[in-house]
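Morning, everyone. Please look at the screen, and we will go through strands and charged pairs.

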Amino acid sequence: MKDISYTDWELTSAQIRTVVKLRKLYSNYPDALGTKDVMKMLGVGRATVLNLKNCGMLRHYNLGNRLIYPKEWVLEYLAVYAVSDKPDVRDYQREVLRYCRTRRTITEIAQHLNLGAVFCRDYLLKPLCEHGELRCEIDKQEVSRHCYIAVR
């Protein structure tokens, strides 16, 4: 196996050890992965893989009109973002309350947190509204649009 440089990501020694373990776990996958392979490895849908790619968290290269994800880069992503310490949902909720000092739409909140709108609605906004920490208002001009504001 060729030696892989970790200089792009500046992985910690714990993350490098994690990559080594993940190599064994995913040894049956090819070295150059397509989007479907990455979806299967991460256990997520196509939109999530493309969102991770678009925000720069999942590195790739283009080969014609195909997206190629080197397996080593996917393993680095797992070591850095998925296996390492992830923020707790409560950390995200605190950030929502801070960000929603002024009226915000679900799209604005999701973009600010770099998360999906459905995840924001179900796991962040809905519980905050149920606990009375966040108020949901219907936009008067556009009835289908909901705005959220923190309760002071």
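How many bridges join β5 to strand β6? Five, and the two strands run antiparallel. One example is Ile138, whose bridge partner in β6 is His146.

A word on the source. This is a predicted model, where local features need pLDDT of at least 70, side-chain atom pairs count only at pLDDT 80 or more, and totals for chains, interfaces and linings use all residues. Residues are numbered from 1 along each chain as its sequence is written, and side-chain values use heavy atoms, with hydrogens and water left out.

Back to the strands. Strands (E, at least two residues) and helices (H or I, at least four) are DSSP runs, numbered from the N terminus. Two strands pair if DSSP finds at least two bridges between them. Here, three strands make an open sheet in the order β4-β6-β5, with antiparallel pairing. β4 and β5 stand at the edges with a single partner strand each, so one side of each has no neighbour in the sheet.

Now the charges. There are nine salt bridges (a side-chain nitrogen of Lys or Arg within 4 Å of a carboxyl oxygen of Asp or Glu). One of them joins Lys71 and Asp31, at 3.9 Å, N to O. Lys71 is in helix α4, Asp31 is in the loop between α1 and β1, and they are 40 residues apart.

Are they buried or exposed? Buried means under 20% relative accessible area, exposed over 50%, partly exposed in between (1.4 Å probe, protein chains only). Lys71 is buried at 11%. Asp31 is exposed at 62%.
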